[in-house]
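Please walk through this structure with me. The text below goes from single side chains to the chain as a whole.

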Amino acid sequence: MASAVARAIKVVRDSGLPNETTSMFTTLEGSWEECMPVIQKACDAVGEVSPRVSLVLKADLRPGHTGEIEGKVERVNAQVEKL
């Protein structure tokens, strides 16, 4: 699975959009119009080497907000430090 997943992650990283990969998910930040073609291309890249593609999509639609990949984590970490 790692080689198929790597193909999708490469598409995301090559997109130039802010992104982050963890053990379970890859997060992509941008507008709907920017992200959806990248998601489709990533799925297509996996589909080239696999008869099945599984996609979990979660969207946080907040017009006017950017940098939230880092911003959300920074705000939670600040709260943890207060405990």
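R62 counts as partly exposed because its relative accessibility is 39%; buried means under 20% relative accessible area, exposed over 50%, and partly exposed in between, with a 1.4 Å probe and protein chains only. This is a predicted model, in which local features need pLDDT of at least 70 and side-chain atom pairs count only at pLDDT 80 or more, while totals for chains, interfaces and linings use all residues. Residues are numbered from 1 along each chain as its sequence is written, and side-chain values use heavy atoms, with hydrogens and water left out.

R62 forms a salt bridge with E68, with 3.6 Å between the closest N and O atoms. A salt bridge here is a side-chain nitrogen of Lys or Arg within 4 Å of a carboxyl oxygen of Asp or Glu. E68 also meets R75 in a salt bridge, at 2.5 Å from N to O. E68 is buried, because its relative accessible area is 13%, whereas R75 is partly exposed at 45%.

The whole structure has five salt bridges. One of them joins D14 and K10, at 2.8 Å from N to O. Both residues lie in helix α1, four residues apart, which is about one turn of the helix. D14 is exposed at 55% relative accessibility, and K10 is partly exposed at 49%.

The protein chain has three helices and two strands; helices (H or I, at least four residues) and strands (E, at least two) are DSSP runs, numbered from the N terminus. Their order from the N terminus is α-β-β-α-α. Of the 83 residues of the protein chain, 19% count as buried. The C-alpha trace spans about 50 × 25 × 20 Å along its principal axes.

The loop between β1 (19–21) and β2 (26–28) holds M24, and S23 is found in that loop too. M24 counts as exposed because its relative accessibility is 64%; S23 is exposed at 76%. The C-alpha atoms of S23 and K82 are separated by 27 Å, and the two residues are 59 apart along the chain.
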